[in-house]
Amino acid sequence: IPMTPEDLLAYINDQGIETSTMTHRAVYTVEEAKTHRHGMVGAHSKNLFLRDKKGRMFLVTALEDRTIDLKSLAGVLGVRSLSFGSAERLQKYLGVSPGSVTPFGVINDADGDVTMVLDRGLMDYETLNFHPLVNTQTTSISPAGLIQFFESTKHTPMFIDL
């Protein structure tokens with residue numbers, strides 16, 4: 001059973017990681033999200049749930065305005081090609097639905113099937129903002145806190161320059 005946003009935030013808090021969360025109307029795209037920031041500072045992201053031909057899954061979290069060429073990204077990741085994971089896979093591995101993809105989803109990947117891939121540019125910001133498993137909230141966290149979260153879930157990220 002996937003964690004709820006409340007479970008996730010309690011887990012993060014139990015790790016000693018500081019966050020703050022705001023509630024807003026549901027947003028499904030980066031463009032929609034840009035209109036509902038209400039003064040939130042820091043970096044915002046786009047999150048792509050991808051798979052290769054062998055069924056390996058990748059969660060790519062990048063600065064929201066990055067252009068991501070899947071063919072080039074496949075080369076960087078050392079795989080032949082990448083395609084988007086289905087809504088069913090997204091639910092199975094990350095416990096989220098389309099529109100709510102977030103790096104926090106790896107908390108639901110207990111078997112470590114998903115490789116976390118982070119845009120190195122995110123680390124240049126003091127604050128990072130992601131959905132806490134639902135697209136009606138945004139949680140702010142420091143880069144160090146995010147890395148601590150990944151390590152606690154055994155999803156040490158692969159850093160790439162996008």
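**Salt bridges and positive phi angles**

Modeller: In this predicted model, R66 is partly exposed, with a relative accessible area of 25%.

Biologist: Which residue forms a salt bridge with R66?

Modeller: R66 sits in the loop between strand 3 (57-63) and helix 3 (70-77), and its partner lies 53 residues away in strand 5 (residues 114-119). The side chains meet at 2.7 Å, N to O, and the partner of R66 is D119.

Biologist: How many salt bridges are there in total?

Modeller: Side chains of opposite charge can pair when their charged atoms come close. The rule asks for a side-chain nitrogen of Lys or Arg within 4 Å of a carboxyl oxygen of Asp or Glu. Besides R66 with D119, the pairs include D52 with R56 and R120 with D161. By this rule the count comes to three.

Biologist: How many residues apart are R120 and D161?

Modeller: R120 and D161 form a salt bridge whose closest N and O atoms are 3.1 Å apart; R120 is partly exposed, with a relative accessible area of 39%, whereas D161 is exposed, with 61%. R120 belongs to the loop between strand 5 and strand 6, while D161 belongs to the segment after strand 8, so that the pair links distant parts of the chain, 41 residues apart.

Biologist: Turning to the backbone, what is the phi of L133?

Modeller: L133 is placed in the loop between strand 6 (128-130) and strand 7 (137-141), and at 5% relative accessibility it counts as buried. Although L133 is not a glycine, its phi is positive, at about 80 degrees.

Biologist: And K154, which also has a positive phi: is K154 buried or exposed?

Modeller: K154 lies in the loop between helix 5 (143-152) and strand 8 (158-160), and its phi is near 60 degrees, a positive value in a residue other than glycine. Its relative accessible area is 71%, and because exposed means over 50%, K154 is exposed.

Key. Residues numbered from 1 in each chain as written. Predicted model: local features only at pLDDT ≥ 70, side-chain atom pairs only at ≥ 80, totals over all residues. Heavy atoms only, no water. Helix = DSSP H or I, 4+ residues; strand = E, 2+ residues; numbered from the N terminus. Buried < 20%, exposed > 50% of the residue type's maximum accessible area, 1.4 Å probe, protein only.
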